[in-house]
Amino acid sequence: MSNIFAVILAAGQGTRMKSKLYKVLHPVCGKPMVQHVVDHIQTLDVNRIVTVVGHGAEKVQQQLGDKSEYVLQAEQLGTAHAVQQAEGILGNEEGTTIVVCGDTPLIRPETMQALFEHHQAKNAKATILTAIAENPTGYGRILRGENGQVEQIVEQKDASVEQQLVKEINTGTYCFDNKLLFETLKLVKNDNAQGEYYLPDVIEILQKQGDIVEAYVTDDFEETLGVNDRVALAQAEALMRARINEKHMRNGVTIIHPETTYISADAVIGSDTVIQPGCMIEGATVIGEDCNIGPNAQIADSRIGDRTTVHSSVVRESAIAEDTAIGPFAHIRPLSDIGSHVKIGNFVEVKKSKLGNDTKVSHLSYIGDAEIGSNVNIGCGSITVNYDGKNKFKTIIEDDVFVGCNTNLVAPVKVGKGSFIAAGSTITKEVPEDALAIARARQENKPNYVSKLNSK
Ligand code: UD1
Ligand code: MG
């Protein structure tokens with residue numbers, strides 16, 4: 001099979017976004033648009049991916065890392081000029097080059113593949129991915145000759161009133177014969193409304209030269225949405241969200257109310273898990289099978305084991321094993337590692353702590369910088385006092401400990417295996433294994449004191 005290369009255009013500022021963030025870095029379902037594009041391209045059998053960067057070059061490179069090679073377009077003189085920057089890398093290669101815009105995150109790999117196959121089958125020198133738009137405003141229009149042959153693409157700003165009526169649009173994705181592309185780019189001029197070198201002009205030049213120019217029409221306009229402003233960003237978000245939710249439902253996940261369920265593009269969810277309304281599942285979260293998530297749970301970059309429930313709670317950058325119950329109203333902060341058959345109940349905050357299997361923290365506690373063994377019971381209102389205003393200290397609680405209600409564990413401190421802490425204690429010293437620790441003022445009762453006081 002012949003070589004395939006990809007050029008991704010990502011150098012624009014994105015003026016219409018009115019944003020400090022560069023356009024292609026705006027997230028759609030939690031993932032920057034340009035990352036979606038690169039991830040899609042990567043599923044095709046491409047030899048090299050070259051991303052054209054300019055505005056925010058460093059940030060774009062940081063985002064994509066070694067998934068792509070980069071060329072700099074120091075001045076944004078148009079999409080043709082952008083592609084030209086890749087000549088140093090691709091100019092001498094034989095093969096087909098797919099050009100994709102960094103602001104079209106919804107174009108499916110299957111559609112790109114179909115475009116490529118059409119291009120091959122027709123022996124074309126250039127093939128445009130087009131779509132029929134109900135409202136084509138803003139897109140380049142495809143002008144066809146009498147025999148239906150693609151002749152030219154005219155940009156919105158250059159189109160006559162009549163041309164503006166054309167509903168077939170340029171999606172900004174193309175296949176080109178690689179060498180011919182770079183030769184033809186040299187012929188593109190900038191005598192148009194925006195004074196830019198337009199990549200679509202390559203089509204007209206090739207057509208006039210007598211080269212085979214084709215269009216592959218996808219029947220799904222929505223996937224070709226180009227995100228130029230925040231209105232389109234919200235549309236892309238909604239479309240991507242629906243697509244992701246549908247994928248999970250087809251894989252055996254129950255989503256009670258897809259309209260209020262927000263799942264990141266990279267999340268993995270096991271079958272027979274039920275997602276209740278109002279959930280956000282973000283980043284690279286992995287959720288097991290038979291879990292019950294929500295209502296109203298936010299889980300980011302975490303691993304949740306099989307049969308675990310997370311009810312009305314926030315979980316970030318943490319691991320929770322199987323058969324565990326979180327919430328309602330718990331907050332699991334980063335770097336927590338929670339075992340199986342654990343219960344973390346309402347108004348419990350856990351931060352950077354390890355909890356062993358069968359441990360229970362059922363109500364109103366703060367557990368920070370702690371290492372807690374298995375089968376430990378932390379009574380209501382107990383707190384690890386981990387911070388002295390300058391530094392953080394560790395609390396270690398070994399297996400089978402019972403911590404009575406309203407205990408302060410002043411770290412650094414260790415509580416030995418099988419020990420028991422009386423309710424209301426403030427523990428400042430190590431508790432030995434198997435000991436009972438009581439650290440509170442003794443109760444004193446003054447008989448009849450109140451009536452005496454009242455009779456004065
Ligand atoms: C472009 C197409 C239009 C098509 C639409 C599809 C041109 C001239 N127009 O318009 O026909 O219907 O996409 O969404 O190509 N970029 C650079 N360097 C530049 C200019 C742009 O890298 O000098 C990048 C941008 O970052 C963006 C992409 O190219 O990712 C497209 O540019 P944009 O300004 O969004 O073009 P559109 O007006 O959407
Ligand atoms: Mg655009």
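A backbone N or O atom of Gly102 lies 3.4 Å from an oxygen atom of ligand 1, a polar contact in the sense of a pair of N or O atoms within 3.5 Å (within protein, one must be able to donate a hydrogen and the other to accept it, and residues adjacent in sequence count only if both atoms are side-chain atoms). An oxygen atom of ligand 1 is also 2.9 Å from a polar backbone atom of Gly140, and the side chain of Arg16 places an N or O atom 3.3 Å from an oxygen atom of ligand 1. The protein covers 92% of the 760 Å² of accessible area that ligand 1 has on its own, with areas taken from the Shrake-Rupley method with a 1.4 Å probe, where for residues only the protein chains shown count as cover.

This is a predicted model, in which local features need pLDDT of at least 70 and side-chain atom pairs count only at pLDDT 80 or more, while totals for chains, interfaces and linings use all residues. Residues are numbered from 1 along each chain as its sequence is written, chains are lettered from A and ligands numbered from 1 in the order in which they are written, and side-chain values use heavy atoms, with hydrogens and water left out.

Around ligand 1 there are 26 residues, the closest being Leu9, Gln73, Thr79, Glu155 and Asn170; a residue is near a molecule or strand if one of its heavy atoms lies within 4 Å of it. Strand E1 (4-10), helix H3 (79-84) and strand E10 (168-177) each supply at least two residues of this shell, and E10 gives the most, with three residues. Helices (H or I, at least four residues) and strands (E, at least two) are DSSP runs, numbered from the N terminus. By residue class, the shell holds 10 nonpolar, 12 polar and four charged residues, where Ala, Val, Leu, Ile, Met, Phe, Trp, Tyr, Cys and Pro count as nonpolar, Asp, Glu, Lys and Arg as charged, and the others, Gly among them, as polar.

Ligand 1 sits in the largest pocket, meaning that more than half of its atoms lie within 2 Å of the grid points of that pocket. A pocket is found on a 1 Å grid over the protein atoms alone, as an open set of points where a 1.4 Å probe fits, with protein on both sides within 12 Å along at least five of seven lines, and its lining residues have an atom within 4 Å of a point. The largest pocket has a volume of about 1,400 Å³, and 45 residues line it, with Arg16, Lys23, Asp103, Gly138 and Asn228 nearest its centre. E1, H3, E10 and helix H9 (230-250) are the elements that give two or more residues to this lining, and the largest share, four residues, comes from E10.

The second largest pocket contains about 540 Å³ of space, and of its 21 lining residues the closest to its centre are His40, Arg108, Met240, Arg243 and Ile244. H9 provides the largest share of this lining, seven residues, and the lining as a whole divides into seven nonpolar, three polar and 11 charged residues.

Some backbone features remain. Most residues other than glycine have a negative phi, and most peptide bonds are trans. A cis peptide bond joins Gly327 and Pro328, with omega about 5°, and Pro328 lies in the loop between strand E24 (325-326) and strand E25 (331-332). Ala411 and Pro412 are likewise joined by a cis peptide bond, with omega about 0°. Asp290, although not a glycine, has a positive phi of about 55°.

How values were computed: Grid points are joined across faces, edges and corners, and a volume is the space filled by probe spheres set on the points.
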